[in-house]
Amino acid sequence: MTALSLTINGRAHGPIEVRDDLSMNDFLREVLGMTGTKFGCGAAQCLSCVVIIDEPDGTSYTNPTCVVPAVNFNGRRIRTVEGHAAGGTLTPLQTAFIEHFSFQCGYCTAGFLNEGQVLLERLAANPIPRAALEQTILEALDGHLCRCTGYVRYHQAVRDVILADTARYLQSETGKAGETAPPLKGGRQ
């Protein structure tokens, strides 16, 4: 047994005694009752179970929870799907997912949402050229499996959030952040 302490969605939890072999997914769902994080394949292959890990340097990344012991998250700061909306107000990414009807059964949505949020934060810190946007989204969402095959709609939703605030997420033609990127000829803006 290990005394687990961590911060989830800005709230401290623990110390809570947990078995060393208890998965983080079971800890979230069964111990804390946070069922937004899904259990998909149980092999860290579908990524429906990912949560966001926040590093002290301000960077973030996603991490599966189904095969990783909860004790590996001891002392960490994480975000789950329950932490995105604030005060009942959805984030722009959540709103875009709804507008695009990105999810059908919804099982993969938490994973796509967490991955998309990490991408938005990464682009806000390091804007990219407009020409690299499609490939960047593809690479960010790669590996997430949707059993209803909603990949295009997730991609479109993430792209629309970025294109709605180009000054934040994209470089200008001069490569400087904070300037409006020009539209692509024949492309969607």
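Visitor: How are helix 3 and helix 5 oriented to each other, roughly parallel or roughly antiparallel?

Guide: This is a predicted model. Angles under 35 degrees count as roughly parallel. Here helix 3 (residues 109–125) and helix 5 (residues 151–163) pack at about 30°, and their axes are 11 Å apart. The two helices are therefore roughly parallel to each other.

Visitor: Which hand does the crossing of helix 3 and helix 5 have, left or right?

Guide: The crossing of helix 3 past helix 5 is right-handed.

Visitor: Which residues of helix 3 and helix 5 meet?

Guide: From helix 3 come T109, F112, L119, L120 and L123; helix 5 brings Y151, Y154, V158, V161 and I162. Sorted by class, this contact holds nine nonpolar residues, one polar residue and no charged ones.

Visitor: Now the strands. In which sense do strand 1 and strand 2 run?

Guide: Two strands pair if at least two bridges are found between them. Strand 1 (residues 2–8) and strand 2 (residues 11–18) run antiparallel and are joined by six bridges. Together they form a hairpin, with two residues between the strands. In that turn, N9 has a positive phi of about 55°.

Visitor: In which sense does strand 1 pair with strand 5?

Guide: Strand 1 pairs with strand 5 (residues 77–79) in the parallel sense, over two bridges.

Conventions:
Residues are numbered from 1 along each chain as its sequence is written. This is a predicted model: local features need pLDDT of at least 70, side-chain atom pairs count only at pLDDT 80 or more; totals for chains, interfaces and linings use all residues. Side-chain values use heavy atoms; hydrogens and water are left out. Helices (H or I, at least four residues) and strands (E, at least two) are DSSP runs, numbered from the N terminus. Axes are lines fitted to C-alpha atoms, for helices over the stretch in contact, and angles run from 0 to 180 degrees between N-to-C directions. Angles under 35 degrees count as roughly parallel, over 145 as roughly antiparallel, 65 to 115 as roughly perpendicular and the rest as oblique. A crossing is left-handed if the near helix is turned anticlockwise from the far one by less than a right angle, and right-handed if clockwise. Contact means heavy atoms within 4.5 Å. Ala, Val, Leu, Ile, Met, Phe, Trp, Tyr, Cys and Pro count as nonpolar, Asp, Glu, Lys and Arg as charged, and the others, Gly among them, as polar.
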